[in-house]
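Here is a short report for a reader new to this protein. Please look over the sequence and the model before reading on.

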Amino acid sequence: MKISIRSEQLILDVERALYFPERRVLVISDLHLGKAAHFRKAGIAIPDQVAQKDLQRLSHLLDHYQPHTLVINGDMFHSDWNEEIAEFGRWKESWREIRFILVKGNHDRQHETVYKDMRIEVFEPSFQMEPFCFVHDAKNSFSDLYPISGHLHPGVLISNKVKQRLRLPCFYFGEKYAILPAFSHFTGLKLIQPTASDRVFAITPQQIISI
């Protein structure tokens, strides 16, 4: 779905990504690689395909849009070093021509050498791309630019024609800031309460819906 924010054309992708076509910049948030392995280490049975499926989805997006830059807007890695993070390093070798930028989130606690070895540029607390700035948590933005954040894993509650209530991830664009959906499917949702002036776009498996 194409929308306009601050006079710039953007594309909202059903795979929970935001694309700036004129700049060739792809943005995702809350990838949380290593989360499933972290749970398995604690004895909780989580399928090991979770991270693989997320990387497959990301590969599809990179193939489709052919961006110059990928911005990961916080929480790229969920926990301490584990095999899923090592797998990401191997996966990234297939995309050496793309500039990878990480805006540090509350879960991004790897040693700086990990990011350096993977050729990932790290920004904290924000990465600026006028008239926008990317920050993991909007409340940590102190810029005059329009903050695009993540962190909350936003969702909305909608009802269908047979009065079934569905919880869906969403994109949120308010007057003061935006919130991106969590890219990883292995996350919860925090239901938001939009006002009449907010723009909210729910994500179904097939399409983006303006609420």
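Where is the place of Ser 7? Ser 7 sits in the loop between β1 and β2. The model shown here is predicted.

## The β1–β2 loop

Arg 6 is also found in the loop between β1 and β2. Most residues other than glycine have a negative phi. Arg 6 is not a glycine, yet its phi is positive, at about 50 degrees. Ser 7 has a positive phi too, near 65 degrees.

Ser 7 counts as exposed because its relative accessibility is 77%, and the cut-off for exposed is over 50%. Arg 6 has 45% relative accessibility, so it counts as partly exposed.

## The open sheet

An open sheet is built from 7 strands. Their order is β1-β2-β3-β4-β5-β6-β7, and the pairing is mixed. The edge strands are β1 (2–5) and β7 (120–123), each of which pairs on one side only. From one strand to the next, the twist averages 25 degrees.

Strand β2 (residues 8–13) pairs with β3 in the antiparallel sense, over 3 bridges. There, Asp 13 stands opposite Ala 17 of β3.

## Strand β5 and its partners

Strand β5 has a parallel partner in β4 (residues 25–28), with 4 bridges between them. Ile 28 has Ile 72 in β5 as its bridge partner. β5 also pairs with β6 (residues 99–103), again in the parallel sense and over 4 bridges. Here Thr 69 has Arg 99 in β6 as its bridge partner.

In a regular strand the side chains alternate between the two faces of the sheet. Both faces of β5 (residues 69–72) are covered. Thr 69 and Val 71 are buried on one side, and Leu 70 and Ile 72 are buried on the other.

The largest nonpolar core has 29 residues. Met 76, Phe 77 and Phe 88 have the most contacts inside it. The elements that give two or more residues to this core include β3 (17–20), β4, β5 and β6, along with α2 (50–65), α3 (83–92) and α4 (112–117). α2 gives the most, with 6 residues. A second, separate core has 24 residues, among them Val 103, Tyr 146, Phe 201 and Ile 203.

What is Phe 88 in contact with, leaving aside its neighbours within four places in sequence? The partners are Leu 31, Leu 33, Leu 55, Met 76, Phe 77, Phe 100, Met 118 and Ile 120. Helix α3 is mostly covered, with 7 of its 10 residues buried. Phe 88 is one of these buried residues of α3, which also include Ile 85, Ala 86 and Trp 91.

## Cis peptide bonds

Most peptide bonds are trans. The bond that joins Glu 124 and Pro 125 is cis, with omega about 5 degrees. Pro 125 lies in the loop between β7 and β8 (126–129). The peptide bond from Glu 130 to Pro 131 is also cis, with omega near 10 degrees. Pro 131 is in the loop between β8 and β9 (132–135).

## Cysteines and an exposed serine

How many disulfides does a search of the whole structure find? The search finds 0. Cys 133 counts as buried because its relative accessibility is 0%. Cys 170 is buried as well, with a relative accessible area of 0%.

Ser 197 has its place in the loop between β14 (190–191) and β15 (199–203). This serine is exposed, with a relative accessible area of 58%. Ser 197 and Glu 175 are 22 residues apart in sequence. In space they are 7.6 Å apart, C-alpha to C-alpha.

Key
Residues numbered from 1 in each chain as written. Predicted model: local features only at pLDDT ≥ 70, side-chain atom pairs only at ≥ 80, totals over all residues. Heavy atoms only, no water. Buried < 20%, exposed > 50% of the residue type's maximum accessible area, 1.4 Å probe, protein only. Pairing = 2+ DSSP bridges. Core = buried A, V, L, I, M, F, W, Y, C linked by side-chain atoms within 4.5 Å. Contact = heavy atoms within 4.5 Å. Axes fitted to C-alpha atoms, helices over the stretch in contact; angles between N-to-C directions. Disulfide = S-S within 2.5 Å.
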